[in-house]
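Reader: I've got a model open and I'd like to learn how to read its helix packing. Could you walk me through it?

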Amino acid sequence: MVLGARRRWLLLAVVSTGLLLITLDNSILYAALPTLVEELGASSSEGLWIINAYPVVMAGLLLGSGTLGDRVGHRRMFLIGLVLFGAASLAAAFSPTPETLIAARAFLAVGAAAMMPATLALIRVTFDDERERNVAIAIWGSLAIVGSALGPIISGLLLHSFWWGSVFLVNVPVVIVALVATLVLAPPNDADPTKRWDLASSLLALVALVGLVIAIKETAKTESAPLLIAAAVLAAVVGGWAFARRQRRLPYPLLDFAIFRNRAFLAGVLAAGFSMFAIAGLQLITTQRFQLVEGFTPLRAGLLVAAVAVGALPTAMVGGASLHRVGLLPLVAGGLAVSTVGSVLVLLNFDTSMGLLVTGLLITGAGLGAAMSVASSAIIGNVPARRAGMASSVEEVSYEFGSLIAVALLGSLMTAVYTATIDLPSGAPDSARDSLDSALALAGDDNLPLITAASNAFDGAYFTVMIVVTAVMAVAAIVTGLLLRHHGPGSALSTPAPH
């Protein structure tokens, strides 16, 4: 069914709102985390799991939900996801303990996993013209950037006047409006009962991801548990191997590994993952650093990292509109190279010049906006329509996997470097090594030597983590540049490169 132009763009607004909610809940806790940890009495490990439960479960279920969407219809999957997301938001808002909140965040991820592939698949089946579709996907992708940036700001605004549960409760009215709009605007459900959905494959993917995250978090600890690390690595390896083996044997796999042979598709997947790694990593560590070291409010810290989105929005819109003329190479590889330059500025000036820090965040955002705006077009434009659900799922997994690894690796690395390098003043309790939050709570307002030692150690940890972010961006620019070196204008690899 071909929708009229006005209805197409209204539907784009609705599905983009769904994506906005999903990405918002990925970042809304970055600025709220210190408040959550204090009011719920959560440990530093529980704090990271409150954030990580959402992307871990979502990434594990996304491949299956994309194929399930092909089977039952993407319209129906989007509606189901909205209902689950709204119910989970209510549960999270009124969670009495850290464990309950972690479980609610996992439930929230189930709704997000149902919605996310459906948003891109609905765009794929609604917009037939390639140029129009590229613009639509660029708008959709820019909303992902906006959601990531708005998360810390909205949480800061809400925490200024309300209790911490309000950061989840805000989802409910948006879900209700999106439900009504989808029922009115979306095309008829496009179910294909011939498609097969394999629950076992989704569970194997989830086992592999949870094992990987636990292995990363434990390895980064100064006092790690070797047996737990070994068990986690075993789960990740066995789960990943069993998943890949099962896909090769299934007549209707959740993931057909052959699609990765297309270099433009692979470059798009890598660009999406690397971009979200940078955004999530920058937001998490920067909001924490400026709240705990500089004394920023959650709102002020959120506004600071919003500079990434401010830089990203113009280049995201220009990227999608110009893709048919300039091609993927300058936008993807070039954008990631620009983001590397911005990361260097942040690395060198985070504790010396606020002006240069903000400039670095703006430049980083500009580069990532260009890359992300066309990564989705590279992915969805290089598979046949019958693989739209699978391609959408792969893209969303790359986004979530990037965020997931950023939080698991960079959050754990920051804690590990802080613990290993803090030089406690005489008489300070050893528990001040656990985290900067612990040190500040123990110091109170009068133990200046402990506050200074803890802040210096945290700044050293921030510097180390920013080196990792910068190096990852540089590698991403090189790898995607090599993959796209023969690519011409347009989003599909079949477009011949000019000679």
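Author: Let's start with handedness: a crossing is left-handed if the near helix is turned anticlockwise from the far one by less than a right angle, and right-handed if clockwise. Here, the crossing of α10 and α14 is left-handed. Before going on, some ground rules: this is a predicted model, where local features need pLDDT of at least 70 and side-chain atom pairs count only at pLDDT 80 or more, while totals for chains, interfaces and linings use all residues. Residues are numbered from 1 along each chain as its sequence is written, and side-chain values use heavy atoms, with hydrogens and water left out.

Reader: What counts as a helix, and how many helices and strands does the protein chain have?

Author: Helices (H or I, at least four residues) and strands (E, at least two) are DSSP runs, numbered from the N terminus. By that scheme the protein chain has 17 helices and zero strands.

Reader: How do I judge the overall size, say from the radius of gyration of the protein chain?

Author: Take it over C-alpha atoms and hold it against the globule rule, 2.2 Å times the number of residues to the power 0.38. The rule gives 23 Å for 499 residues and the chain comes out at 22 Å, so it is as compact as a globular protein of that length. Along the principal axes, the C-alpha atoms fill a box of roughly 70 × 50 × 45 Å.

Reader: Back to α10 and α14: at what angle do they pack?

Author: Axes are lines fitted to C-alpha atoms, for helices over the stretch in contact, and angles run from 0 to 180 degrees between N-to-C directions. Under 35 degrees counts as roughly parallel, over 145 as roughly antiparallel, 65 to 115 as roughly perpendicular and the rest as oblique. Helix α10 (residues 263–292) and α14 pack at about 150 degrees, with axes 8 Å apart. They are therefore roughly antiparallel to each other. Contact means heavy atoms within 4.5 Å, and the residues making this one include F265, M276 and F290 of α10 and L357, L368 and I379 of α14.

Reader: By class, what sort of residues does the contact of α10 with α14 have?

Author: Ala, Val, Leu, Ile, Met, Phe, Trp, Tyr, Cys and Pro count as nonpolar, Asp, Glu, Lys and Arg as charged, and the others, Gly among them, as polar. This contact has 19 nonpolar, three polar and no charged residues.

Reader: And how do α13 and α14 cross?

Author: The axes of α13 (residues 328–349) and α14 (residues 354–380) come within 7 Å and cross at roughly 155 degrees. These two are therefore roughly antiparallel as well, and their crossing is left-handed. Their contact residues divide into 16 nonpolar, nine polar and no charged.

Reader: Where does L328 sit, and is L328 buried or exposed?

Author: Buried means under 20% relative accessible area, exposed over 50%, partly exposed in between (1.4 Å probe, protein chains only). L328 lies in helix α13 and, at 1% relative accessibility, counts as buried. L328 and G481 are 153 residues apart in sequence and 9.3 Å apart in space, C-alpha to C-alpha.

Reader: Which residues does A301 touch?

Author: Not counting residues up to four places away in sequence, A301 touches T287, Q291 and F296. A301 belongs to helix α11 (residues 298–305), and it counts as buried at 1% relative accessibility. Across the protein chain, buried residues make up 58% of the 499.
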